[in-house]
Amino acid sequence: MNKKFNITIILLVLFVALFMPAKQLSAAPKLSAKAITMVKGQTKQIKLKGISKRPTWSCSNKKIVKVSRKGKYSAKITAKKKGTAYIYAKINKKKYKCKIKVEVPSI
């Protein structure tokens with residue numbers, strides 16, 4: 001009986017290994033935000049989720065927003081001047097963008 005039980009367990013494990021996926025498919029990559037409104041001088045962090053490689057970060061207008069890498073998947077955004085710019089995260093020939101609107105508070 002012990003031998004039959006062991007064979008049954010082995011067959012069960014093999015069956016599960018053959019028909020179950022090895023790992024869950026991850027969600028498609030996406031940015032933590034699609035649009036951000038900031039005040040001049042403010043800093044925020046944006047992250048590209050669902051990836052395993054380090055993205056390349058860039059900005060459409062460096063006079064308005066400064067972007068620098070912070071951590072493996074994140075970027076630090078600094079608002080410099082009133083206006084609108086886009087932050088891009090590029091990975092595997094695909095670009096993801098976030099619209100950044102910088103405002104200057106009136107006193």
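**View 1. Lys101 and Glu103 meet in a salt bridge between their side chains.** The N to O distance is 3.7 Å in this predicted model. The structure holds one salt bridge. Lys101 has a relative accessibility of 40%, so this residue counts as partly exposed. Glu103 also counts as partly exposed, because its relative accessibility is 34%.

**View 2. Strands β7 and β8 run antiparallel.** Strand β7 covers residues 83-91. Strand β8 covers residues 94-103. Nine bridges join the two strands. Tyr86 has Lys99 in β8 as its bridge partner. In a regular strand, side chains alternate between the two faces of the sheet.

**View 3. Strand β4 pairs with β7 in antiparallel fashion.** Strand β4 spans residues 56-59. Four bridges connect β4 to β7. Ser58 stands opposite Tyr88 in β7. Strand β7 is also joined to β8, by nine bridges.

**View 4. Confidence is lowest in helix α1 and highest in strand β2.** Helix α1, residues 2-19, has a mean pLDDT of 75. Strand β2, residues 35-39, reaches a mean of 97. The protein as a whole has a mean pLDDT of 87. A pLDDT of 70 or more is reached by 89% of its residues. Where pLDDT is low, the predicted coordinates should not be read in detail.

Terms used. Residues numbered from 1 in each chain as written. Predicted model: local features only at pLDDT ≥ 70, side-chain atom pairs only at ≥ 80, totals over all residues. Heavy atoms only, no water. Salt bridge = Lys/Arg side-chain N within 4 Å of Asp/Glu carboxyl O. Buried < 20%, exposed > 50% of the residue type's maximum accessible area, 1.4 Å probe, protein only. Pairing = 2+ DSSP bridges. pLDDT = per-residue confidence, 0-100.
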